[in-house]
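Welcome, and please open your viewer.

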There are 2 protein chains.
Amino acid sequence: MKTYRVAIAGATGAVGTEFLSLLASREFPLESLRLLASERSVGRSLVFRGRAYPVDLLEPDAFEGIDIAFFSAGGTRTKEFAPDAVRAGALVVDNSSAYRMDPNVPLVIPEVNPEDIAKHRGIIANPNCSTIILLMALAPIRALAPVRRVVVSTYQAASGAGAQAMQELLDQTNDVLKDRPITPNVFPYPIAFNLFSHNTKIDETGYNEEERKMINETRKILHEPNLRLSATCIRVPVLRAHSESVNIEFEAGQRPSISAIREALAKFPGVEVVDNREENFFPMPIDASGRDEVLVGRIREDLSNEDAIELFLSGDQILKGAALNGIQIAEKWMQMSRTQEGLSTRE
Amino acid sequence: MKTYRVAIAGATGAVGTEFLSLLASREFPLESLRLLASERSVGRSLVFRGRAYPVDLLEPDAFEGIDIAFFSAGGTRTKEFAPDAVRAGALVVDNSSAYRMDPNVPLVIPEVNPEDIAKHRGIIANPNCSTIILLMALAPIRALAPVRRVVVSTYQAASGAGAQAMQELLDQTNDVLKDRPITPNVFPYPIAFNLFSHNTKIDETGYNEEERKMINETRKILHEPNLRLSATCIRVPVLRAHSESVNIEFEAGQRPSISAIREALAKFPGVEVVDNREENFFPMPIDASGRDEVLVGRIREDLSNEDAIELFLSGDQILKGAALNGIQIAEKWMQMSRTQEGLSTRE
């Protein structure tokens, strides 16, 4: 079996360490592994399959001899170093927003638009977490009937803002319980027992960057530049799984039956239907945490519009929302490359 | 000034104690005060304006000589004892769902449908918390232009399930932080660092009781029996303010401008517009907690539908969502009675 020389840029972050643990648990065919991070983390080491790997400096010549570089290093450093990785001949799978809307960079969810992988020129972008989790439900539903409009309200976990944000949620909650004063640090507002509008810049239309990402990235992934989607993105005091309340409106008279939608979701790889009305048991972030699957439930006709449905979903922000989707992009690319080679051999 | 003999039924609960504190802070014109609760609480006393009041048994003859009885005693006990209070000549303001959909009982938000107070036959019902908070924003907007459809996703605090539920959120969070096992008690699922679909019975359409309340009560309060509204009600780990993400669609071509909507909201009593795009400062439950006003922000055109807008709001579940609205109903009734008497005198 072909094996690959892999680097992780940003190896010590929340997503970086998840890349590492997925390479182990999914038995990724590794020839070698290189861990890269900023100066701050150099000198540390991380354990992978029982062996300590040193964390080296993320620098221009760190990618020599690398086949696949998983980036989770923030937009700025990605823009700085991803071109070096591409020049060194690596496939870059980037978790930042740096290249997502670049027309030369495919934006891929392997279950949704695997064909876009073949168009890469060295970089494949991993979509934003909320977008991935939404599309895991929207894509199989949209395959049944044309969608006219989507309205989403999110319940986003602290993990989307990184490992320090998760720690802030825990520490701040502890302080509140002990009646100690709190000083928000990673987040601009208290997150303990609170929630707030996603703290990214608001544009002239009143939408924030997170909401714009959801709109623009969904359009790009689905190759539907005029798709009508609105989102309200809210941060909630949950650790690592995002939830979304989703209203999907179909073209007039074309709404599929609820049972057809439930069946399409149940068959879609990476989705688990959790929709038990009798037991009042539906998707919850603590159940989605640590799970590869996006949990989808509350699937019902919209009582306010006969052409629409409502549903609610939860998905692990660090797994399918980030690291898992990145690893799956690489796996799909490897599979497509093998098929390509298989085809070439036969020619 | 006319004064009133007041009873509180269910005086020791989360809403009951808030009734008590509002009677003090709003300088309600009291002649006397009687505190009533179930056997469990009899013998306790509660302090009101520096004086200890005994808690008496909620029983059929407890309402003799009472002018106004505030009920927050749960549906079953309200059905049992409210008729006694009415027979004794009291006006019952009931916070439970027992009489809300009774065609002989007005369902009132004083800022929205004060005129319905005059139709009472002894009982006036206080709407469900999520409904009140939604309508404080929807009513002034609907006064500007005909609304075609409303889609709501809620972020509901623990307080909606009572004082014990708030305590469970605090205790359970403390246990999670200390890595101790947790056993949900008041809520069916863990609430610490989690969220879940509102745990009321799901009907054959897939909507739960909380969502049905929001639909049915909104229609009754607005006297619009066919209003199109859909809701997804979610419980979040927040203590006492509910938030809601609201999409409002107007009849084609009739959407008011965002500035007209913002102005109508700012002028509406009981609403505070918190909508600072530059500072990314919007309604948050910790800011709404303890406040009489419902905070409304993120007011913007819906990018997916030119006839629609999006907004986000937070309101104190125990205050405007329950006790404050009840007290305001009584205050408005008192004011209308005085006007009535004034008119009679002039006749």
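At roughly what angle do the axes of helix H3 (residues 129-142) of chain A and helix H5 (residues 209-221) of chain A cross? Select both helices and look along them: the axes cross at roughly 50 degrees and come within 9 Å.

A few ground rules before we move on. This is a predicted model, in which local features need pLDDT of at least 70, side-chain atom pairs count only at pLDDT 80 or more, and totals for chains, interfaces and linings use all residues. Residues are numbered from 1 along each chain as its sequence is written, while chains are lettered from A and ligands numbered from 1 in the order in which they are written.

**Stop 1: H3 and H5 in chain A**

Helices (H or I, at least four residues) and strands (E, at least two) are DSSP runs, numbered from the N terminus. Axes are lines fitted to C-alpha atoms, for helices over the stretch in contact, and angles run from 0 to 180 degrees between N-to-C directions. H3(A) and H5(A) are therefore oblique to each other (under 35 degrees counts as roughly parallel, over 145 as roughly antiparallel, 65 to 115 as roughly perpendicular and the rest as oblique).

Now show the side chains. From H3(A), pick A:Ser130, A:Thr131, A:Leu134 and A:Leu135; they meet A:Glu210, A:Lys213, A:Met214, A:Glu217, A:Thr218 and A:Ile221 of H5(A). Two residues are in contact if their C-beta atoms, placed from the backbone, lie within 7 Å. Colour this contact by class and you will find 4 nonpolar, 3 polar and 3 charged residues (Ala, Val, Leu, Ile, Met, Phe, Trp, Tyr, Cys and Pro count as nonpolar, Asp, Glu, Lys and Arg as charged, and the others, Gly among them, as polar).

**Stop 2: H3 and H6 in chain A**

Which residues of H3(A) meet H6(A)? They are A:Ala137, A:Pro140 and A:Ile141, facing A:Ile261, A:Ala264 and A:Leu265 in H6(A). By class, this contact has 6 nonpolar residues, with no polar and no charged ones.

**Stop 3: a strand residue and a loop residue in chain A**

Select A:Glu249, in strand S12 (residues 241-250) of chain A. Is A:Glu249 buried or exposed? A:Glu249 is buried, with 20 other C-beta atoms within 10 Å (a residue is buried if 20 or more other C-beta atoms lie within 10 Å of its own, exposed if 12 or fewer, and partly exposed in between; C-beta atoms are placed from the backbone). Beyond its neighbours within four places in sequence, A:Glu249 is in contact with A:Arg148, A:Arg149, A:Asn305, A:Asp307 and A:Ala308.

Next, go to A:Arg49, in the loop between strand S3 (45-48) and strand S4 (51-57) of chain A. A:Arg49 counts as exposed, with 11 C-beta neighbours inside 10 Å. Check the backbone too: A:Arg49 is not a glycine, yet its phi is positive, about 50 degrees. Most residues other than glycine have a negative phi.

**Stop 4: over to chain B**

Find B:Ile318, in the loop between S15 and helix H8 (319-346) of chain B. B:Ile318 is buried, with 29 other C-beta atoms within 10 Å. Contacts of B:Ile318 outside its sequence neighbours within four places include B:Ala14, B:Val15 and B:Arg240.

**Stop 5: where the chains meet**

Show both chains. How many residues does each chain bring to the contact? Chain B gives 50 residues and chain A gives 50 residues. On the side of chain B that touches chain A, the largest share, 5 residues, comes from S8(B). The residues on that side of chain B divide into 26 nonpolar, 16 polar and 8 charged.

Finally, superpose chain B on chain A: a rotation of 180 degrees with 0.0 Å of shift along its axis does it, with an RMSD of 0.0 Å (least squares on the C-alpha atoms of residues with pLDDT of at least 70 in both copies). That is the relation of a two-fold axis. The same surface serves both copies, as 100% of the contact residues of chain B recur in chain A.
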